[in-house]
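Subject: Structure for your review

Dear colleague,

Please find below the structure that I am handing over to you.

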Amino acid sequence: MATAVSTPTSTPAAPEEDTTQVVVLDAALLVRDECNAREHDTEPDEKLITSVKEIGVEEPISVRPRPDGTYGVFKGWRRAQAAQVANATAEAEGRPVRPVRAYVREDLVGRDGWTRFLSLVENDHREGMSARDTLRAQELALIDMSEVDRRTAAKALGVGRNAARQAKAAQKLDDATLRRAAAGGMDLEQTAQLAEVQDVRGAENRLLRALQRDHEEGGGGRGHWDQEMALLRAEQADAAARAKAVEELRAAGIPLLGAVGYGQKDPSRPLAELTTGLGAPLTEDNHKGCPGHSARLDEEHRPVWYCADPAAHGHKVRPKPKQVKTEEDERRAEERARTVACNRAWKAAAGPRQEFVKRLVRGKTLPEEARQFAQRIALDLPRFYGKWADKQRTETLALLLGATDPQKEAPSQVAAGFPKNRLANVLFAQVAAAFEDDIREPKQFDTARGTHVCLWESPSPLQASYLLLLESLGQADNGSYQLSEVEQQAVASHRPNADTDSDVSADA
């Protein structure tokens with residue numbers, strides 16, 4: 001039976017409970033509320049039970065009335081259970097049972113989201129609350145709330161507007177990984193991003209190292225984290241592309257040849273090196289009926305057609321002098337592997353870079369350094385800028401201005417929503433879009449030298465100046481943006497002190 005108490009408890013309560021009276025409840029009427037955030041380790045330990053047996057439950061618990069006359073405990077369920085155990089012992093020994101003091105929150109009936117949030121706040125500050133329970137409670141609480149309550153709860157929890165979605169994603173990690181992520185200082189968004197790329201080998205350690213670098217540099221930026229995430233996503237996409245290519249071969253019934261073990265002879269040959277018994281070239285089409293028809297995947301995961309055993313299937317090898325593998329061949333193979341890795345890293349770096357430009361463009365005040373840079377490019381009209389304007393590619397510009405669908409929204413329409421005093425922001429977005437489209441592909445034809453060059457080896461001075469500008473702006477913004485490793489490699493010779501360093505080395 002519930003008995004009202006006229007004076008509130010002397011223990012400070014949560015702000016929402018200040019005006020709620022404390023009542024005395026029979027412990028037998030207490031059940032676990034379905035919105036209690038703690039789902040694991042819910043049993044009281046012996047220390048708590050012993051304490052409650054001696055002095056009862058000192059701090060009031062928080063409950064919601066239920067239609068069947070019981071009360072759902074969303075704060076203090078372990079204390080409530082300890083009281084039930086203590087009362088059972090007292091009854092067995094012929095001693096009087098103790099009631100439990102509680103805040104009865106009738107205002108929370110039907111407000112499951114807010115109830116779960118209050119339970120989360122309570123349990124998150126108590127020992128034993130698992131990371132998984134915290135994430136699940138955040139997800140369910142924030143989903144099941146009004147927009148007003150959600151904004152208040154997110155602010156109280158110190159999470160962003162996408163916290164519910166991020167909490168759901170983070171729960172894909174196992175308990176050990178969740179504990180390491182929390183110990184390493186990952187916030188909710190970062191934990192969710194770790195879950196996104198956890199299938200990439202070494203992802204957890206790489207992200208923890210990047211996070212540590214951001215912490216060591218101070219300022220609260222996450223530039224190193226963003227760059228590492230971009231690389232991991234690129235590697236994940238590359239692995240997915242290979243898996244798709246393998247699946248397509250399997251669906252077509254074409255064997256994928258594997259690596260040959262040490263000391264074993266590989267009888268297979270690519271069709272380009274084979275002919276029919278009469279000397280006609282072998283192609284994918286005329287070789288499909290051969291039992292040895294098979295494939296290997298190249299660096300871009302495209303099939304290269306092979307015959308698994310040309311001698312057994314009556315094919316001839318095209319005559320050509322046998323080439324002995326030299327150190328030069330090995331050097332070229334290493335260079336090809338490096339080129340593939342750098343090309344992938346260059347493309348991956350575009351994501352964090354463009355996100356940073358978007359933040360600059362959408363900011364209330366554009367840094368003066370960015371305004372001057374954009375003004376100089378717009379007035380000097382370098383050749384690449386004019387060529388970009390002639391192509392009338394608008395997707396990147398719309399993206400940098402903040403379009404939700406860059407392929408359908410015109411930049412002029414998006415820019416129309418900018419205040420009049422942000423014309424410089426729009427100008428910088430246009431100049432940045434021209435640079436982004438100019439450096440999109442890592443390999444380009446250099447008309448001055450008449451050859452193809454890799455931008456991660458030799459960007460033009462203008463391209464380098466754009467990257468160095470963003471690096472400077474990111475450092476000024478508490479390290480919110482950092483150049484990736486491949487970008488740092490590209491601009492190394494264009495830094496202000498690069499020539500001086502070269503001269504010093506030469507003199508030495």
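The notes below describe what was found in the structure.

This is a predicted model, in which local features need pLDDT of at least 70 and side-chain atom pairs count only at pLDDT 80 or more, while totals for chains, interfaces and linings use all residues. Residues are numbered from 1 along each chain as its sequence is written, and side-chain values use heavy atoms, with hydrogens and water left out.

The protein chain contains 20 helices and 13 strands; these are DSSP runs numbered from the N terminus, helices being H or I of at least four residues and strands E of at least two. Of its 508 residues, 41% are buried, meaning under 20% relative accessible area, with exposed over 50% and partly exposed in between (1.4 Å probe, protein chains only). Contact here means heavy atoms within 4.5 Å. Among contacts between residues at least 6 apart in sequence, 70% join residues at least 24 apart.

The largest nonpolar core has 46 residues, and those with the most contacts inside it are Trp346, Val357, Leu401, Phe428, Tyr466 and Leu470. Such a core is a set of buried Ala, Val, Leu, Ile, Met, Phe, Trp, Tyr and Cys residues joined through side-chain atoms within 4.5 Å. Helices supplying at least two residues each to this core include α12 (327-362), α17 (423-438) and α18 (461-476). Apart from this core lies another, of 19 residues, among them Val57, Ile61, Val100 and Val104. Beyond its neighbours within four places in sequence, Tyr466 is in contact with Arg353, Val357, Phe373, Ala432, Phe435, Glu436 and Ile439.

The buried residues of α9 are Ala203, Glu204, Arg206, Leu207, Ala210, Leu211 and Asp214. Because they cover an arc of only 165 degrees around the axis, they lie on the same side of α9; the arc is that of the directions from the helix axis to the C-beta atoms. These buried residues pack against α7 (175-183), α8 (188-196) and α10 (223-251). Just after α9, Gly218 takes a positive phi of about 70 degrees.

Finally, the count of disulfides is 0, a disulfide being a pair of cysteine sulfur atoms within 2.5 Å. The sulfur of Cys307 is 4.0 Å from the closest cysteine sulfur, in Cys290, and is therefore too far for a bond.

Yours sincerely
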